[in-house]
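Here is a short briefing to read alongside the model. Let's look at one helix and at the aromatic rings.

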Amino acid sequence: MMGELTAAEIEQVLHAEVLGHLGCIADGWPYVVPISYVYEGGSIYSNCSEGMKLQAMRENPLVCFEVEQIRGMANWRTVIARGRFEELLHDERERAVDILAMRLARIETSASARLVQQDDVYRKEEFFRPVLFAIRVEALSGRFELR
């Protein structure tokens, strides 16, 4: 059976996972990259360093985000979020650091996720700090297959 996820099922998938794929337009081409994230309050929070992804989102803030739960070829759920990139500053940035660090601290993390967890060091030192951003979700859809 294939079908569409309900709003509650979409929320469950977004809250349950921590890895997804961000799609944006870079140099006129689609660009898709995996990111770690936390979903809260209708926004997807993540971080990155300066590079192609960040430059692309600054130039064109309309982005797409995909997350999936795959148990097998005939047992999966996937969610697509369309939204707008927003770089976080000041209090919103600090709140995002807390949200990401709290959620990602409980799992084995990547080097980019550790940047957020170590942000207290960045607050004290005068060197590179990761860029925190939100995707303000404007539309959600989800599909599933289950046999």
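A residue counts as buried when its relative accessible area is under 20%. By that cut-off F85, at 9% relative accessibility, is buried. Please keep in mind that this is a predicted model.

**Aromatic pairs**
- Searching the whole structure turns up two aromatic pairs.
- Y37 and F65 make an edge-to-face pair, with 4.8 Å from centre to centre and 70° between the planes.
- This pair links distant parts of the chain, 28 residues apart: Y37 sits in the loop between β3 and β4 (38-40), while F65 belongs to strand β6.
- Both Y37 and F65 are buried.
- The ring centres of F85 and F133 are 5.7 Å apart and their planes meet at 50°, so this pair is tilted.
- Because F85 is in strand β7 and F133 in strand β8, the pair ties together parts that lie 48 residues apart in sequence.
- F133 has 0% relative accessibility, so F133 counts as buried, and F85 is buried too.

**Helix α2**
- Helix α2 spans residues 52-59, and its buried residues are K53, L54, A56 and M57.
- Viewed down the axis of α2, these buried residues fall within an arc of 165°, so they line one face of the helix.
- What do the buried residues of α2 pack against? Their partners are the strands β2 (19-26), β3 (29-36), β5 (43-48), β6 (62-72), β7 (75-87) and β8 (131-146).

**Where the two topics meet**
- Strand β6, which holds F65, is one of the elements that the buried residues of α2 pack against.

Definitions and conventions: Residues are numbered from 1 along each chain as its sequence is written. This is a predicted model: local features need pLDDT of at least 70, side-chain atom pairs count only at pLDDT 80 or more; totals for chains, interfaces and linings use all residues. Side-chain values use heavy atoms; hydrogens and water are left out. Buried means under 20% relative accessible area, exposed over 50%, partly exposed in between (1.4 Å probe, protein chains only). Helices (H or I, at least four residues) and strands (E, at least two) are DSSP runs, numbered from the N terminus. The arc is that of the directions from the helix axis to the C-beta atoms. Contact means heavy atoms within 4.5 Å. Rings of Phe, Tyr and Trp (its six-membered ring) pair if their centres lie within 6.5 Å; planes under 30 degrees apart count as stacked, over 60 as edge-to-face and the rest as tilted.
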